Amino acid sequence: MAAAKEDGNDTLDELLKDKARIEELSSDEEEVFKRGNNDAANVGGGVPFPGMDQLKPKRKLEYLPPWLHDASINLFHDDLETPTSEAQQKTRAECLPLLTGEDTQGLELNIYGLPHLRRQKHTDFLRTTFNKLPAPYQVVDASRPWLFYWTVGGLSFLGEDVTQYRERLIETVRPLQNPTGGFGGGHGQYSHCACTYATVLALAAVGGLEVVDRKAMWHWLGTVKQADGGFRMAVGAEEDIRGAYCAMTVITLLNLPFELPAEAPARKAGLDTFTDRLGEWVGRCQTYEGGIAGAPNNEAHGAYAFCALACLSILDVPHKSIPKYLDVQALASCLASLQTMPEGGFAGRTNKLVDACYSHWVGGCWALLQAALSGGSSGRNSVKLDDLWSREGLVRYLLCCCQQPGKKGGMRDKPSTRPDGYHTCYSLAGLSAAQNHYSYSKEGQAVDKQSGRLIAAFHWTAERPTVGEMKALKFDEEDRVGFVHPVFVLPMDVIEATRRQFAESRL
Ligand SMILES: [Zn+2]
C-alpha cells in the first residue's frame with residue numbers, strides 16, 4: 001500500500017479493503033482523499049458523490065490504533081467497583097485525552113501526530129540534578145549514587161557527552177567507597193549492592209572507573225554471597241534478586257574473578273564461585289503467576305523479572321541459562337499481561353496501574369526473552385515476541401503521557417505525577433527497547449577461555465528500526481533514543497569501552 005500511496009494511484013476500493021491503511025491516514029491525507037473523490041464525482045458536471053453530504057463527519061477515533069477505539073476500551077471495563085477499579089478508571093481518564101490527541105498539552109507534534117521526544121527539555125531537566133538539591137531530597141541521602149546514575153545514564157541515552165562530568169563524579173563518589181570494598185549510599189554508610197551497582201554504572205558512563213578499588217570490591221562481594229546461591233544487599237541485610245543482578249553486573253564490568261575470596265563465608269558451605277547455586281536460586285524466585293519475585297515465595301514484580309533475566313544473561317549465554325532455570329513461556333505470559341489497556345505502558349504487578357518506569361523493567365525484558373528463545377540467532381529473524389507485546393503501545397504511552405509539558409521537561413510515571421530522574425532515565429531506556437532491536441550473537445560464550453572470566457553479557461548487538469517500522473510505531477528519527485545495552489542499561493559503546501578497559505586486568 002505504501003507504494004500505491006506514493007504514486008498517487010490509490011482507489012477508493014483499495015482504501016476501503018485495507019482498514020489498516022485507513023487508520024493510518026493523517027487528517028491531511030484525509031482531506032486530499034475527500035477532495036479527490038469530490039473532484040472525480042464532479043467530472044463532466046455530474047451529481048456529486050451520492051449521499052456524501054449526509055455522511056456523519058469522520059471522527060478522530062477512527063484514525064487511532066484499534067486498542068483506542070471505543071469498542072475496544074469498553075471491552076475492558078470492569079463493572080465491579082473497588083478501590084483498584086476506581087484507581088484504574090482515574091488513570092484511564094487522565095491518559096485517554098493525551099493518547100488520542102484530544103489534548104496535546106501544547107507539545108510539538110511529529111508527522112504522525114504524536115508529541116516529539118522533548119530531547120532538549122529532558123536534557124535540561126536531568127542537568128538540574130547537578131545543582132544544589134532542594135530540602136525534600138534529604139530522604140534520598142542513602143541513595144545518592146542512584147541520582148548520579150539516573151542523571152548521567154539518562155543524559156547519555158539522549159546522546160549527551162557525559163564525560164565532562166568525569167572529574168566531578170569521581171571526587172563525589174570517592175568518599176562513598178569503603179576501605180573494605182564497595183560503595184555506600186552516602187558518607188559514612190555501609191557498602192550496599194544497589195548503591196555499588198549505581199556508582200559503577202555512573203562511573204562507567206563518564207569513563208571514571210579507575211577510582212574503584214577492584215580488589216577490595218571483590219573481597220566485599222564475597223561477604224554478601226550466600227550459601228543458598230543468592231546475594232544479600234549488604235552484610236546482614238535482606239537477600240533478594242536485586243543483590244544477585246547488581247553483584248553479577250559489578251563482577252562482570254570490572255572483570256573480577258568469579259572465584260570466591262578465601263575468607264568468603266559461603267566457602268564454608270562448599271561454594272567455590274560467585275555463580276555456584278545462583279541459577280537455581282533465581283529459578284526459585286519464579287512464582288505461580290510465571291513472574292519473578294524479589295526472593296522465593298514473594299509476589300511477582302516486573303522489576304525483579306528484569307533482574308532475574310539480566311542476572312541469568314550474565315551467568316551464561318541467555319538461550320542456555322534462561323530456559324534452564326525459568327519457565328520462559330509462563331514468564332512471557334505474565335509479562336505480556338502487565339501491558340495495560342488502553343494506556344499501552346506497563347504495570348509492575350498484576351492489578352496495578354501503568355507506570356513509565358516499567359517501560360524499562362518490563363519493556364527491557366523482551367530482548368532478553370527473545371534471546372532465550374532464539375538460540376543465539378538473529379533476534380529479528382527468529383522467534384517473534386512482538387506478537388506478545390505492543391511496541392507501538394509503549395511508544396505512544398511514553399511520548400503522549402509521560403513527557404512533562406511546559407518549560408520544565410523530564411518524564412513522569414503518569415500524567416498526574418511529577419517528573420523525576422528515575423522515571424526519566426527508565427522511560428528513555430524503555431523507549432529505546434521499544435524503538436530498536438537487540439540481538440544476541442551466535443558466537444556468544446559464557447567464559448573467556450584464556451582468563452576464565454565471565455563474558456556472556458558482552459555479545460549483544462543493536463540494530464536501528466527500518467523506516468517502515470518507524471512509520472508503524474509513529475516516531476521520527478529525532479524521537480529515537482540511542483542503543484541501550486539490554487543487560488547493563490548503559491549505552492552500548494560505554495559497555496564496550498568498559499570491557500576493553502579491564503580485559504587484561506588481573507587482581
Ligand atoms: Zn515508577
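The model is predicted. The protein chain holds 22 helices and two strands, and buried residues account for 45% of its 507 residues. Among contacts between residues at least 6 apart in sequence, 69% join residues at least 24 apart.

**The nonpolar core**

The largest nonpolar core has 137 residues, and within it Ala247, Ala308 and Cys311 touch the most other members. Helix H14 (residues 302-315) gives the most to this core, contributing 12 residues. When residues up to four places away in sequence are not counted, Ala247 touches Cys193, Leu221, Val224, Phe231 and Phe274.

**The pair H8 and H20**

Two packed helices are described by the angle between their axes and the distance between the axes. For helix H8 (residues 144-157) and helix H20 (residues 421-435), the angle is about 40° and the axes are 8 Å apart; H8 and H20 are therefore oblique to each other, and their crossing is left-handed. The residues that make the contact are set out by helix below.

| Helix | Residues in the contact |
|---|---|
| H8 | Leu147, Trp150, Thr151, Gly153, Gly154, Phe157 |
| H20 | Gly421, Tyr422, Thr424, Cys425, Leu428, Ala429, Ser432 |

By class, the contact of H8 with H20 comprises seven nonpolar and six polar residues, with no charged residues.

**The enclosed helix H18**

Helix H18 (residues 365-374) is largely enclosed by the rest of the structure, because nine of its 10 residues are buried. The buried residues of H18 are Cys365, Trp366, Ala367, Leu368, Leu369, Gln370, Ala371, Ala372 and Ser374. Their cover includes H14, helix H15 (318-325), helix H16 (328-336), H20 and strand E1 (437-440). Just after H18, Gly375 takes a positive phi of about 60°.

Leaving aside neighbours within four places in sequence, Cys400 is in contact with Leu98, Leu99, Leu114 and Pro115. The C-alpha atoms of Cys400 and Leu107 are separated by 9.1 Å, although these residues lie 293 residues apart along the chain.

Methods:
Residues are numbered from 1 along each chain as its sequence is written. This is a predicted model: local features need pLDDT of at least 70, side-chain atom pairs count only at pLDDT 80 or more; totals for chains, interfaces and linings use all residues. A nonpolar core is a set of buried Ala, Val, Leu, Ile, Met, Phe, Trp, Tyr and Cys residues joined through C-beta atoms within 7 Å. A residue is buried if 20 or more other C-beta atoms lie within 10 Å of its own, exposed if 12 or fewer, and partly exposed in between; C-beta atoms are placed from the backbone. Helices (H or I, at least four residues) and strands (E, at least two) are DSSP runs, numbered from the N terminus. Two residues are in contact if their C-beta atoms, placed from the backbone, lie within 7 Å. Axes are lines fitted to C-alpha atoms, for helices over the stretch in contact, and angles run from 0 to 180 degrees between N-to-C directions. Angles under 35 degrees count as roughly parallel, over 145 as roughly antiparallel, 65 to 115 as roughly perpendicular and the rest as oblique. A crossing is left-handed if the near helix is turned anticlockwise from the far one by less than a right angle, and right-handed if clockwise. Ala, Val, Leu, Ile, Met, Phe, Trp, Tyr, Cys and Pro count as nonpolar, Asp, Glu, Lys and Arg as charged, and the others, Gly among them, as polar.
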